Amino acid sequence: MFHPGKVLKVLKNNDKTVFGADQTIMATISMWDENLLTVGVEPGLGEKIREGDVVLIDYGPKYQTIPVPRQIIVKILRGETAKKVWKHYEEKNQTRKSLVEESPIVPNHNVR
C-alpha cells in the first residue's frame, strides 16, 4: 500500500542546519489526508528529491511477520502524473470531510 504526499522539506546532513548520526536522508511530508510526517527516503532517490515533489510512501509491512509499516519514500512523481495523483486523492479527502460534516456523531450519554 502506498500513500502520496508533498515534500515540504528535505533533511540532508550537507545542510548546515541538519546534523545526523548517519547519512540517511529524510523528508517532512504533507500527506494527502492532511497528516504531517517525517519519513526516510530510499537511498537511490536521495539526490533527486526536492521540496514540492509529490512522492509515494510505502506503507507495506517492514517485516513479513510484524505488520509495522515501512513509511519510506519509494517514488517521486512530477509533472502531469504528480498533478493527477494529487488531484484524485485531494478529491477523495474532500468527499470524506464532507461526509463527516454532514453526519455529526451525537454522543450517547446513556452508554456505561
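Guide: The discussion below takes up the helix, the aromatic pair, the salt bridges and a surface patch. Please bear in mind that this is a predicted model.

Visitor: Which residues in α1 are buried, and what covers them?

Guide: Ala82, Trp86 and Asn93 are buried in α1. The cover over the buried residues of this helix includes β1 (2-11), β2, β4 and β5.

Visitor: How many aromatic pairs does the count come to?

Guide: The count comes to one aromatic pair. Its members are Trp32 and Tyr89, with ring centres 5.1 Å apart and 65° between the planes. The arrangement is edge-to-face because planes over 60 degrees apart are classed in that way.

Visitor: Where in the chain do Trp32 and Tyr89 lie?

Guide: The pair links distant parts of the chain, 57 residues apart. Trp32 lies in the loop between β2 (26-31) and β3 (36-41), whereas Tyr89 belongs to helix α1 (residues 79-102). Trp32 has a relative accessible area of 13% and is therefore buried; Tyr89, at 27%, counts as partly exposed.

Visitor: I turn now to charged residues. What can side chains of opposite charge do when their charged atoms come close?

Guide: Such side chains can pair. The structure holds ten salt bridges. One of them joins Glu51 to Lys9, with the closest N and O atoms 3.6 Å apart. This pair also links distant parts of the chain, since Glu51 is in the loop between β3 and β4 and Lys9 is in strand β1, 42 residues apart.

Visitor: Are Glu51 and Lys9 buried, partly exposed or exposed?

Guide: Glu51 is partly exposed, at 48% relative accessible area, and Lys9 is partly exposed as well, at 34%.

Visitor: Leaving aside neighbours within four places in sequence, which residues are in contact with Lys9?

Guide: Lys9 is in contact with Asp15, Met26, Ala27, Thr28 and Glu51. A C-alpha to C-alpha distance gives another view: Lys9 and Thr38 are 9.1 Å apart in space and 29 residues apart in sequence.

Visitor: How many residues apart are Lys87 and Glu91?

Guide: Lys87 and Glu91 are four residues apart in helix α1, about one turn of the helix. Their side chains meet in a salt bridge of 3.8 Å, N to O. Lys87, at 49%, is partly exposed, and so is Glu91, at 41%. Elsewhere, salt bridges that share partners join Lys9, Asp15 and Glu51 into one network.

Visitor: Finally, which residues form a nonpolar patch on the surface?

Guide: Tyr63, Ile66 and Val68 form the patch, and together they have about 270 Å² of accessible area. Tyr63 is placed in the loop between β4 (54-58) and β5 (72-77). With 47% relative accessibility, Tyr63 counts as partly exposed.

Note on methods. Residues numbered from 1 in each chain as written. Predicted model: local features only at pLDDT ≥ 70, side-chain atom pairs only at ≥ 80, totals over all residues. Heavy atoms only, no water. Patch = residues over 30% accessible without salt bridge, like charges linked within 9 Å, V, L, I, M, F, W, Y side chains within 5 Å. Areas by Shrake-Rupley, 256 points an atom, 1.4 Å probe, with all protein chains shown as cover. Salt bridge = Lys/Arg side-chain N within 4 Å of Asp/Glu carboxyl O. Helix = DSSP H or I, 4+ residues; strand = E, 2+ residues; numbered from the N terminus. Buried < 20%, exposed > 50% of the residue type's maximum accessible area, 1.4 Å probe, protein only. Phe/Tyr/Trp six-rings, centres within 6.5 Å; stacked < 30°, edge-to-face > 60°. Contact = heavy atoms within 4.5 Å.
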